[in-house]
Amino acid sequence: MLNSLKKYMLKRHIKAIAPFSELSANTRYGNAFRIDLRNPTIGKKYVKIGNEGIIDARIIFEKDTGYVAIGDNCLINGTIISINGVEIGNDVIIAWDTLVYDHNSHSIYWNERKADTQNEYKNYLKYGDPCANKDWEVVRSAPIKICDKVWIGTGCKILKGVTIGEGAIVQAGSVVVADVEAWTIVGGNPATVIKRLEPEK
């Protein structure tokens, strides 16, 4: 009974976000899959998901911008947060508890972020959304690109402006703040090259 209820709720959720997304019918969507749209622009497609994958991630848009594209044959877990853009290629594995985050969320300058907590509290009480009237002009963002054949281990953080090259592997628990070369293994905080791999077709 509980599994049937979960499946029913998931179908309802997919139907609700259908006008804002292009979801492949032959990809499978797990129980954790959600698309959280806050103040979406009518007519805009925020998410595109390719064929024959398993998507069990939460995808969050904290404002009316952002875009997430996921290619074919992908296994995607964790959380993706976008106000800019996240592009994930084909044959990509992203393990559990990974965060892909294309912006800073707050200004690095105290004078620009000192009212954030108080304003978010008020927005939550009034609108149910802490980011409803957030000043995004002071928040830095940059697109993320994860190329084909990448494997990202559990518990990683992939931060704004990063490109992860084809066939690269990101070791579990790593924090990626700079581009990763194709066919390398990186790890650590910040992630650095551990090993170079032979390119594979």
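**Close-up views of a predicted chain**

View 1. Strands here are DSSP runs of E with at least two residues, helices are runs of H or I with at least four, and both are numbered from the N terminus; two strands pair if DSSP finds at least two bridges between them.

A word on the model before moving on: it is predicted, so local features need pLDDT of at least 70 and side-chain atom pairs count only at pLDDT 80 or more, while totals for chains, interfaces and linings use all residues. Residues are numbered from 1 along each chain as its sequence is written, and side-chain values use heavy atoms, leaving out hydrogens and water.

View 2. Ile70 has Ile88 of strand 10 as its bridge partner.

**View 3. Strand 19 and strand 20 form a hairpin.** Strand 19 (residues 184-187) and strand 20 (residues 192-196) pair in the antiparallel sense over four bridges. Gly187 has its bridge partner, Thr192, in strand 20. Four residues lie between the strands, and Gly188 takes a positive phi near 105 degrees in this hairpin. Thr184 belongs to strand 19 and is buried, with a relative accessible area of 1%. (Buried means under 20% relative accessible area, exposed over 50%, and partly exposed in between, using a 1.4 Å probe and protein chains only.) Leaving aside neighbours within four places in sequence, Thr184 is in contact with Ala168, Ile169, Val193, Lys195, Arg196 and Leu197, where contact means heavy atoms within 4.5 Å.

View 4. Helix 3 (residues 116-127) has 12 residues and should span 16 Å at 1.5 Å a residue; the expected span is 1.5 Å times one less than the number of residues. Its end C-alpha atoms are 15 Å apart, which agrees.

**View 5. Which residue holds the cysteine sulfur closest to that of Cys74?** That residue is Cys147, and the two sulfurs are 12 Å apart, too far for a bond. The structure holds zero disulfides, a disulfide being a pair of cysteine sulfur atoms within 2.5 Å. Cys74 counts as buried at 2% relative accessibility, and Cys131 is buried too, with a relative accessible area of 8%.

**View 6. The whole chain puts the close-ups in context.** Its secondary structure comes to three helices and 20 strands. The C-alpha trace spans about 55 × 50 × 30 Å along its principal axes. Of the 201 residues, 42% count as buried.
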